[in-house]
Amino acid sequence: MKNGSKIPQIVYDDPQGNKVDIKSYAGKYVLVDFWASWCGPCRKAIPEIKELYSAYKDKGFEVLSVSVDTDKAAWRKAMEEEQMPWTQVLSPDKNKTLADFMIIGIPTLYLIDREGKIVEKYTGFSPKTKSQLEAIFKDKI
């Protein structure tokens, strides 16, 4: 998937069993965070993503966390521990999700623009990733 192409369809269940459609985020910049409860680097990235969310949520920035957990109890426990203030969904088919989004390791994050197009894909989360996102937000949001 190239920058500028449309993000593949995401319609996954949230913890309450409600369907969440990526299309409902039209008009906002969205960071789609693919993660799992057992992934140490994923968990380490969450406080950094929280900082970005806190700084830019009032300017049209959202986060959608997509878990590739296969153990729902572990997913729920991790969400409770991390207290992420944005929408959480669970992939119904880990392998299909990883293939559809060309994910070779997690965390993988996609920044999506207001039209649902891919701005950038990040494999892993680092200080460089955070500064790149902040630079984009300063220009766009």
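**Close-up views of helix packing and salt bridges**

**View 1. K130 reaches across to E51.** E51 is partly exposed at 46%. The two form a salt bridge (a side-chain nitrogen of Lys or Arg within 4 Å of a carboxyl oxygen of Asp or Glu), their closest N and O atoms being 2.4 Å apart. K130 sits in helix α4 (residues 127–140) and E51 in helix α1, 79 residues apart; helices here are DSSP runs of H or I with at least four residues, numbered from the N terminus.

This is a predicted model, in which local features need pLDDT of at least 70 and side-chain atom pairs pLDDT 80 or more, while totals for chains, interfaces and linings use all residues. Residues count from 1 along each chain as its sequence is written, and side-chain values use heavy atoms, without hydrogens and water.

**View 2. Helix α1 meets helix α2.** On the α1 side (residues 40–56), R43, I46 and K50 meet A78, E81 and E82 of α2, where contact means heavy atoms within 4.5 Å.

**View 3. R43 pairs with E82.** Their side chains form a salt bridge at 2.5 Å, N to O. R43 lies in α1 and E82 in α2, so the pair ties together parts 39 residues apart in sequence. Both R43 and E82 are buried.

View 4. K77 is exposed at 52%, whereas E81 is partly exposed at 44%. R43, K77, E81 and E82 are linked in a network of salt bridges.

Key: Axes are lines fitted to C-alpha atoms, for helices over the stretch in contact, and angles run from 0 to 180 degrees between N-to-C directions. Helices (H or I, at least four residues) and strands (E, at least two) are DSSP runs, numbered from the N terminus. Buried means under 20% relative accessible area, exposed over 50%, partly exposed in between (1.4 Å probe, protein chains only).
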